[in-house]
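Hi there,

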Amino acid sequence: MFSKNEIHAIITEETDRDQLIYQLAGEMAAHGMVEECYGKSVLERELEFPTGVPTPVPIAIPHSERSQVFKAGIGVAVLRNSAKFASMEDPNLYLDVKVVFMLAASLNDDHLFMIKDIMEIIQDTQVVTSLLAAKSTEEVEDIMHQEFSKRENER
């Protein structure tokens with residue numbers, strides 16, 4: 001059961017937000033999803049539009065310019081520790097984020113479905129707990145593919 005979304009994951013000990021974003025963007029660039037400069041662009045956008053989501057296990061959903069995206073997909077970072085991201089609800093509040101979903105999106109219906117699906121997934125504590133317990137990047141990718149597949153099949 002695999003979704004049509006391209007998904008690449010990392011499991012990391014990184015605790016610095018900026019380094020984490022560069023690390024995840026590098027993984028996405030290595031798979032031909034985004035330009036090499038995507039990490040820098042994401043960080044610039046993060047300063048104006050924070051992406052921390054205050055869910056029971058705090059999540060961040062950083063992204064940037066569509067012009068730097070070669071193919072749509074998602075980079076997922078599971079943090080063994082946490083990294084500080086400003087909350088999208090209150091930029092003065094910093095969240096200890098444990099999972100990051102970095103979007104590489106184009107402007108079409110698939111992009112809207114991807115965001116809708118991510119919003120559902122991050123609110124499912126059981127899924128987030130499974131991601132945090134994952135032992136490998138393949139396991140993280142499998143969980144995400146299964147979750148996206150379920151939602152795609154319901155459409």
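This is a predicted model: local features need pLDDT of at least 70, side-chain atom pairs count only at pLDDT 80 or more; totals for chains, interfaces and linings use all residues.

Let me begin with the strands. There is an open sheet of five strands, in the order E1-E4-E5-E3-E2, and the pairing is mixed. Strands E1 and E2 (52–53) stand at the edges; each has a single partner strand, so one side of each is left without a neighbour in the sheet. E1 and strand E4 (residues 73–86) run parallel and are joined by seven bridges. If you want a spot to look at there, His 8 stands opposite Gly 75 in E4. Helix H1 (residues 17–30) packs on the sheet, where it touches E1, E4 and strand E5 (94–104). The direction of H1 makes about 165 degrees with that of E4.

Helix H2 (residues 38–48) lies across E2, E4 and E5, and runs at about 130 degrees to E5.

For helix H5 (residues 137–154), I looked at the length. At 1.5 Å a residue, its 18 residues should span 26 Å, and the end C-alpha atoms are 26 Å apart, which agrees. Which residues of H5 are buried? They are Val 140, Glu 141, Ile 143, Met 144, His 145, Glu 147, Phe 148, Ser 149, Arg 151 and Glu 152. You will meet Glu 147 again below, as a member of a salt-bridge network.

**Charged pairs**

Side chains of opposite charge can pair when their charged atoms come close. In this model the count comes to eight salt bridges. One of the pairs is Glu 6 with Lys 71, at 3.6 Å from N to O. Glu 6 lies in strand E1 and Lys 71 in the loop between strand E3 (59–60) and E4, so this pair ties together parts that are 65 residues apart in sequence. Both partners are partly exposed: Glu 6 has a relative accessibility of 23%, and Lys 71 has a relative accessible area of 35%.

Arg 17 and Asp 18 also meet through their side chains, at 2.8 Å from N to O. Here Arg 17 counts as buried, at 17% relative accessibility, whereas Asp 18 is partly exposed, at 29%. The cut-off for buried is under 20% relative accessible area, which is why Arg 17 falls on that side of the line.

Lys 40 is partly exposed at 48% relative accessibility, and Glu 44 is partly exposed at 44%.

Finally, a network of salt bridges links Lys 116, Glu 120, Glu 147, Lys 150 and Arg 151.

A polar atom of the Thr 12 side chain lies 3.0 Å from the backbone nitrogen of Glu 14. What does Thr 12 touch, leaving aside its neighbours within four places in sequence? Its contacts are Leu 20, Gln 23, Val 78, Leu 79 and Arg 80. Thr 12 and Gln 23 are 11 residues apart in sequence, with 9.1 Å between their C-alpha atoms.

*Gln 68.* You will find Gln 68 in the loop between E3 and E4, and it counts as buried at 12% relative accessibility. Its side chain makes a polar contact of 3.1 Å with that of Ser 41. Beyond four places in sequence, Gln 68 is in contact with Met 33, Val 34, Glu 35, Cys 37, Tyr 38 and Ser 41.

*Val 53.* The place of Val 53 is in strand E2, and at 8% relative accessibility Val 53 counts as buried. Leaving aside neighbours within four places in sequence, Val 53 is in contact with Pro 58, Ile 59, Ile 61, Met 88, Leu 95 and Ile 122. The C-alpha atoms of Val 53 and Met 114 are separated by 16 Å, and the two residues are 61 residues apart along the chain.

Best wishes

Notes
Residues are numbered from 1 along each chain as its sequence is written. Side-chain values use heavy atoms; hydrogens and water are left out. Helices (H or I, at least four residues) and strands (E, at least two) are DSSP runs, numbered from the N terminus. The expected span of a helix is 1.5 Å times one less than its number of residues. Buried means under 20% relative accessible area, exposed over 50%, partly exposed in between (1.4 Å probe, protein chains only). Contact means heavy atoms within 4.5 Å. A polar contact is a pair of N or O atoms within 3.5 Å; within protein, one must be able to donate a hydrogen and the other to accept it, and residues adjacent in sequence count only if both atoms are side-chain atoms. Two strands pair if DSSP finds at least two bridges between them. Axes are lines fitted to C-alpha atoms, for helices over the stretch in contact, and angles run from 0 to 180 degrees between N-to-C directions. A salt bridge is a side-chain nitrogen of Lys or Arg within 4 Å of a carboxyl oxygen of Asp or Glu.
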